[in-house]
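Here are my notes on the model, as numbered points. Have it open while you read.

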Amino acid sequence: MSLPSLSDYFLLEKIGSGSYATVYKAFKKDGCREVVAIKCVDKSSLSKSAIDNLVTEINLLKILKHEHIVEMRDFFWDEGHIYIVMEYCNGGDLSSFIRKKHKLPEQICRRFLQQLALALRYLRNHNVSHMDLKPQNLLLTRRPQLVLKLGDFGFAQYLSNSEQKFAIRGSPLYMAPEILLKHKYDARVDLWSVGVIMYECLFGKAPYSSSSFQELAEKIKDRRPIELPKGSYISPECKDLLMSLLKHDPEERITFDEFFAHDFLDLSHAPTKENYDKAVELIQEAVKNDSEKNSKEAFHLYCEALRYFIPILTSETDFKRKETLRIHVNDYIRRAEKLKASYLDDDSDKSKCARAEDKGNLSSIQRIPSLNEGSSFVYHELRILSKTTPSMADALEIGEVAEQYLAEGNYALALEKFQSCLGILVPLLGKEPVGRRRDLLYKQVQVWMKEAESTKGLLATKDIEEYTQHGTESIEHCIIQ
C-alpha cells in the first residue's frame, strides 16, 4: 500500500493506527528537514462524536505547551483527510518499553511517574482532563536520555472535580470503575488510570489483566482486591501511592493535590527551572554559613541544595552544561561530607561530656545554660525524662542509631531509622502535655526531621554514582529522565 502524498512533507513510514486515523513518520521538505509525526484522519470515517473529539483535540493542542506533553506543530486538511503535525518521539511508547523490559525498577517508574505528574499538574491548571491515560499514549523521546511525553488528546475534556459526565471514554483496561459501570464520574478518573499505569510499570501487567471485556467488568463490579504479585517488593512510599490511586470509590481515592504532593513522586525536587533557581539560592546560603563557621547549618543547606541539583544534573542533555554542573555538584558533596564529619564529631564530644558530667543527674545540665539548647544535651535530658514512656524511650534509641548510620555514611539505613523514630515521636508530641519534656521532645523532633532531610540529599548522590558507573550504554536502565 502506497503512502499518501503531501506537498510540504515526505512520509517515511507508518508508525501507528487507530479506528479513524493513521500516524506516519515524516519530514518537512524545506531546508531543515525536521522529522515529525503526522496524524492522518480519514474524514469519511468520522462520526459526529469523532468530529467533536478531533476539534477538541486540535483546540487543546493549540494552547497546551509543556515539556512533557507532545507538541502540535501544525494542522491542515484537504478533501479527504485532516492532518495533525506533531513532535516526533523517537523512543516509541511506554507500552512497548514495558514489554521490552518486562517490568521496570522502582527508580525508573518514579522518574516516569514524576514526568507524567508534571504534565497532569499542568493540565489541572488549565482545567483539562485527559480521559484516556494508558501506556500507549505515553510517548518516549531520547535527548539522549528517555523523556516521557503525554500524547493523544482525542478524549480530553475541560472537566473539573465538580463537573460530572456519563459518556464512556477511554480504554477498558485503564478505565476507572465509575466509567466502566456507567456511574457519574469527574476528573478523578485520570488518577485511577495513573494507578493502573504505575502497577503495569512495576509488575509488567495491569492489576485486572483479563482475557475479555466481560471478565474485566466482572472483576471491577465485584471490587476484586488489588494485590501485589507474590514475591514482589516495593518501598512503603511506592505502595502507599499505588494503593491510594487504585481505590474503586473516587471519594476514597487520593486527590490531585495529594498526588502531586506525595513523597514517592517528590515533585518539589523535580528538574525544573524554578527548582534550579532554588538550588542556587540554597548554595549561596550554604557558602555564607560555611564562611561564618556555622558548620551544622551549612551542612543542612548543602544537602538541601543537592536534592534539587542532582535530578537537574541527571536530566541535563547539554554535555558542556552537564560537565560544569557535575564538577560543582561533586564539590558540594565533598564539602557536605566534610562538614558532616566535623559537626558530628563535635556533637559526639559534647555527648561524652554530658555523660561524664551528668551521670543521670538533671541539675548538672541545667547548671550550664549555654549548653542546654545543644542537640546532644537535649537528647540526653530527654532520654532521662522518657523512662516513664517506653515507646518514647525506644524511639529515641532508634534515632540515636540513625545518627550513627548517618555518621558512617550508610544513608539508606539512616533514613529508614530516622523515619521510623519520627513515626513514633511525632504522634507522641501531639499528645504530650505542656512542660519541659514536651519542649525537649519538640526540639529533638525538629533536629531529626532536619537530619532526615539532609540524609535524603546525601542519599540522592547515589544517583550520580550509578550514572558514572553505568555510563551512556545503560542509560535506559538506570537514568531515565
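1. K182 falls in the loop between α4 (177-180) and α5; helices here are DSSP runs of H or I with at least four residues, strands are E runs of at least two, and both are numbered from the N terminus. K182 takes a positive phi of about 60° although it is not a glycine. The residue counts as exposed, at 62% relative accessibility (exposed is over 50% relative accessible area, buried under 20%, partly exposed in between, with a 1.4 Å probe and protein chains only).

2. Before you go further: this is a predicted model, where local features need pLDDT of at least 70 and side-chain atom pairs count only at pLDDT 80 or more, while totals for chains, interfaces and linings use all residues. Residues are numbered from 1 along each chain as its sequence is written, and side-chain values use heavy atoms, with hydrogens and water left out.

3. M131 also deserves a look: its phi is near 75°, a positive value in a residue other than glycine. M131 sits in the loop between β6 (128-129) and β7 (138-142). Is M131 buried or exposed? At 5% relative accessibility, M131 counts as buried.

4. On the overall make-up, the protein has 18 helices and nine strands. Of its 481 residues, 49% are buried. Taking contacts (heavy atoms within 4.5 Å) between residues at least 6 apart in sequence, 63% join residues at least 24 apart.

5. Now the rings. Phe, Tyr and Trp rings (the six-membered one for Trp) pair if their centres lie within 6.5 Å; planes under 30 degrees apart are stacked, over 60 edge-to-face, the rest tilted. That rule gives 12 aromatic pairs. Y199 and F203 have ring centres 4.8 Å apart and planes at 65°, so this pair is edge-to-face. Both are in helix α5 (residues 189-203), four residues apart, about one turn of the helix. Y199 is buried at 3% relative accessible area, and F203 is buried too, at 13%.

6. Elsewhere, ring pairs tie Y276, Y302, F309 and Y332 into a cluster. There is also a charge over a ring (NZ of Lys or CZ of Arg within 6 Å of the ring centre and within 35 degrees of the ring normal): the charged end of R124 is over the ring of F256, 4.2 Å from its centre.

7. T455 belongs to helix α17 (residues 436-470) and is buried, with a relative accessible area of 0%. A polar atom of the T455 side chain lies 2.7 Å from the backbone oxygen of E451. Leaving out residues up to four places away in sequence, T455 touches L406, Y411, A414, L415 and F418.

8. How many residues line the largest pocket? The lining has 36 residues, of which R110, D263, L415, K456 and L459 lie nearest the centre. Elements giving two or more lining residues are α3 (106-125), α7 (236-245), α10 (295-315), α16 (411-431) and α17. The largest share, seven residues, comes from α17. On the method: with a 1 Å grid over the protein atoms alone, a pocket is an open set with protein on both sides within 12 Å along at least five of seven lines, a cavity is a set of points where a 1.4 Å probe fits but cannot get out, and lining residues have an atom within 4 Å of a point.

Definitions and conventions
A polar contact is a pair of N or O atoms within 3.5 Å; within protein, one must be able to donate a hydrogen and the other to accept it, and residues adjacent in sequence count only if both atoms are side-chain atoms.
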